[in-house]
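I opened my notebook to walk through a protein model with you. Here is what I am looking at.

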Amino acid sequence: MATDSWALAVDEQEAAAAESLSHLEIKDEKLKDVKPKAETLKAETPKDEKSKPDVNGAVKTDNNVEKAEDDEKEDKAAQSLLNKLIRSNLVNNTNQVEVLQRDPNSPLYSVKSFEELRLKPQLLQGVYSMGFNRPSKIQETALPLMLAAPYQNLIAQSQSGTGKTAAFVLAMLSQVDPANRYPQCLCLSPTYELALQTGKVIEQMGKFDPELKLEYAVRGNKLERGQKISEHIVIGTPGTVLDWCSKLKFIDPKKIKVFVLDEADVMIATQGHQDQSIRIQRMLPRDCQMLLFSATFEDSVWKFAQKMVPDPNIIKLKREEETLDTIKQYYVLCNNRDEKFQALCNIYGAITIAQAMIFCHTKKTASWLAAELSKEGHQVALLNGDMMVEQRAAVIERFRAGKEKVLVTTNVCARGIDVEQVSVVINFDLPVDKDGNPDNETYLHRIGRTGRFGKRGLAVNMVDSKHSLNILTRIQEHFNKKIEKLDTDDLDEIEKITN
Ligand SMILES: Nc1ncnc2c1ncn2[C@@H]1O[C@H](COP(=O)(O)OP(=O)(O)OP(=O)(O)O)[C@@H](O)[C@H]1O
């Protein structure tokens with residue numbers, strides 16, 4: 001790849017991150033001078049004004065008709081950051097960890113306590129100071145494997161919130177020798193903000209070792225030319241790290257002992273990052289320990305992982321499956337948006353709903369609906385892709401705390417966000433993919449419950465055209481679970497749905 005193209009990709013990616021600088025607390029003095037450049041965590045409005053599917057996927061060509069795609073582009077990095085910001089605890093997972101060992105004959109260790117890992121005392125102190133009493137499910141197996149000598153490579157996949165970051169941070173910290181004043185561990189993150197988040201974990205966990213130093217290789221952190229970095233751990237985005245290792249030679253890649261590639265799935269979704277990461281990996285010594293982490297493991301991630309990590313051990317923790325078994329599903333037949341709103345008001349008038357999440361297809365509908373519900377006296381929170389990630393996290397936190405009773409959001413904006421306590425979900429518009437087909441996965445994720453949250457739930461789907469009825473029928477067939485018709489003009493009937 002030509003130097004120009006990766007440099008361009010870096011510009012794009014880091015411009016995307018720069019805006020959030022003003023929102024994140026930055027402790028590192030060197031980073032304080034960085035000026036926000038662009039508001040790119042905002043969702044983009046597609047320039048293409050051609051015919052698009054309507055709210056439920058039907059194609060409309062009239063320019064006066066609301067365009068479904070005035071909406072957000074799915075931004076994996078933003079979603080990942082959002083989940084990190086709103087999460088304060090481990091995600092529970094009762095599935096077994098699957099391990100594929102490079103050498104099946106070597107015994108497989110798993111630990112039930114951090115003491116068993118024989119960490120440096122300051123590190124153990126750091127772990128406990130973070131409130132970690134015992135290793136998480138994935139940490140139980142990953143940590144002994146990562147810390148075993150001779151060092152082994154690892155590819156690990158488990159859903160967000162299961163303790164991957166803490167695991168590799170611990171692996172890096174335990175292998176650093178503070179007496180050697182040069183970078184020994186290198187960690188790649190897909191965006192500026194994610195790098196900062198992981199950096200914070202490194203700082204927290206390593207804070208009892210005053211000698212230990214961390215440097216951020218992110219755009220805006222300008223070092224003097226000709227300088228060599230003395231910090232032990234470098235965390236950064238691929239473009240800047242590549243610059244620092246090759247063009248600017250701030251880092252000697254040959255001295256790196258541990259290389260971590262975090263959020264591999266987000267990484268490959270960002271243009272240019274894959275090539276940059278591979279170029280960095282090629283500069284590292286053969287005996288450098290390579291660790292790759294990902295929340296998902298589709299084919300593309302797997303191919304990338306194999307390129308990055310030779311002779312890997314592989315650890316996977318399956319996501320807890322959601323089912324529709326404990327959910328009562330209904331649909332309401334309407335003719336247009338106003339009728340859907342009326343149906344919603346009727347439902348609210350008939351039953352007590354503690355907290356509900358309402359999903360719309362477009363930002364415009366979501367804003368309209370939130371305003372209408374407020375007029376009706378509801379305490380409404382609105383979430384859309386125009387908000388900065390931190391603002392979105394604040395909205396979700398307030399909703400979680402029960403400060404608002406209704407959360408109105410767009411489909412794309414809330415994908416992958418878990419608000420477990422919500423038992424009523426209203427699909428004001430049905431979830432469809434970009435081609436206008438039923439998005440079964442999103443439907444399941446949104447209204448389904450895992451074993452742990454097995455309490456009963458209620459889902460109401462608003463149908464406003466033949467097309468959306470067809471989408472609903474296909475969703476019903478896909479899950480082979482009946483979605484009952486609900487007449488929202490009949491109060492008695494509505495009341496029955498809570499029984
Ligand atoms: N052993 C532990 N005990 C208690 N809490 C933990 C433990 N390990 C991690 N946590 C906490 O659980 C949350 C999720 O952990 P972490 O960020 O490491 O998960 P992750 O799998 O890296 O998630 P993501 O894929 O979003 O990066 C964090 O708040 C973290 O502080």
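These are my notes on what I looked up, one topic per entry.

**Entry 1: the domains**

I began with the overall layout, keeping in mind that this is a predicted model. The protein splits into domain 1, residues 78–317, and domain 2, residues 327–497. I looked up how far apart they sit: the centres of domain 1 and domain 2, taken over C-alpha atoms, are separated by 38 Å. Next I asked how many residues of each domain are in contact with the other. I found nine in domain 1 and eleven in domain 2. On the side of domain 1 that touches domain 2, I noted five nonpolar residues, four polar ones and no charged ones.

**Entry 2: the sheet**

Then I turned to the strands. Which order do the strands of the open sheet have? I wrote down β13-β14-β12-β15-β16-β11-β17, seven strands with parallel pairing. β13 (380–383) and β17 are the edge strands, each pairing on one side only.

Is β11 mostly covered or mostly open? It is mostly covered, as five of its seven residues are buried. On one hand, β11 runs parallel to β16 (residues 457–463) and is joined to it by seven bridges. Within that pair, I found Gly457 of β16 opposite Ile327. On the other hand, β11 pairs with β17 (residues 484–485), again in the parallel sense, over two bridges. There, Lys485 in β17 is the residue opposite Tyr331.

**Entry 3: two lysines**

Where is Lys213? I located Lys213 in the loop between α6 (192–205) and β6 (214–217). Lys213 counts as partly exposed because 17 other C-beta atoms lie within 10 Å, and a residue needs 20 or more to be called buried. Leaving out residues up to four places away in sequence, Lys213 touches Ser230, Glu231 and His232. I also checked one distance: Lys213 and Ser230 are 17 residues apart along the chain, and their C-alpha atoms are separated by 8.1 Å.

My other lysine was Lys316, which I found in strand β10 (residues 312–317). Why does Lys316 count as partly exposed? The reason is its 17 C-beta neighbours inside 10 Å. With residues up to four places away in sequence set aside, Lys316 touches Glu98, Gln157, Ser158 and Phe297. Lys316 and Gln159 are 157 residues apart along the chain, yet 9.3 Å separates their C-alpha atoms.

**Entry 4: the annotated motif**

The entry, which is unreviewed, annotates residues 112–140 as "short sequence motif: Q motif". In the model, I saw that this span is 45% helix and 0% strand, and that its end C-alpha atoms lie 6 Å apart.

**Entry 5: around the ligand**

Last, I looked up which residues are closest to the ligand. They are Phe132, Ser160, Gly163, Lys164 and Thr165, out of 19 residues that surround the ligand. The elements giving two or more residues to this shell are α2 (76–86) and α5 (164–175). I sorted the shell by class too, and it has eleven polar, five nonpolar and three charged residues.

Conventions
Residues are numbered from 1 along each chain as its sequence is written. This is a predicted model: local features need pLDDT of at least 70, side-chain atom pairs count only at pLDDT 80 or more; totals for chains, interfaces and linings use all residues. Domain bounds come from an automatic or database domain assignment. Two residues are in contact if their C-beta atoms, placed from the backbone, lie within 7 Å. Ala, Val, Leu, Ile, Met, Phe, Trp, Tyr, Cys and Pro count as nonpolar, Asp, Glu, Lys and Arg as charged, and the others, Gly among them, as polar. Helices (H or I, at least four residues) and strands (E, at least two) are DSSP runs, numbered from the N terminus. A residue is buried if 20 or more other C-beta atoms lie within 10 Å of its own, exposed if 12 or fewer, and partly exposed in between; C-beta atoms are placed from the backbone. Two strands pair if DSSP finds at least two bridges between them. UniProt positions are given in the numbering used here, feature names are shortened, and annotations may be inferred rather than shown by experiment. A residue is near a molecule or strand if its C-beta atom, placed from the backbone, lies within 6 Å of it.
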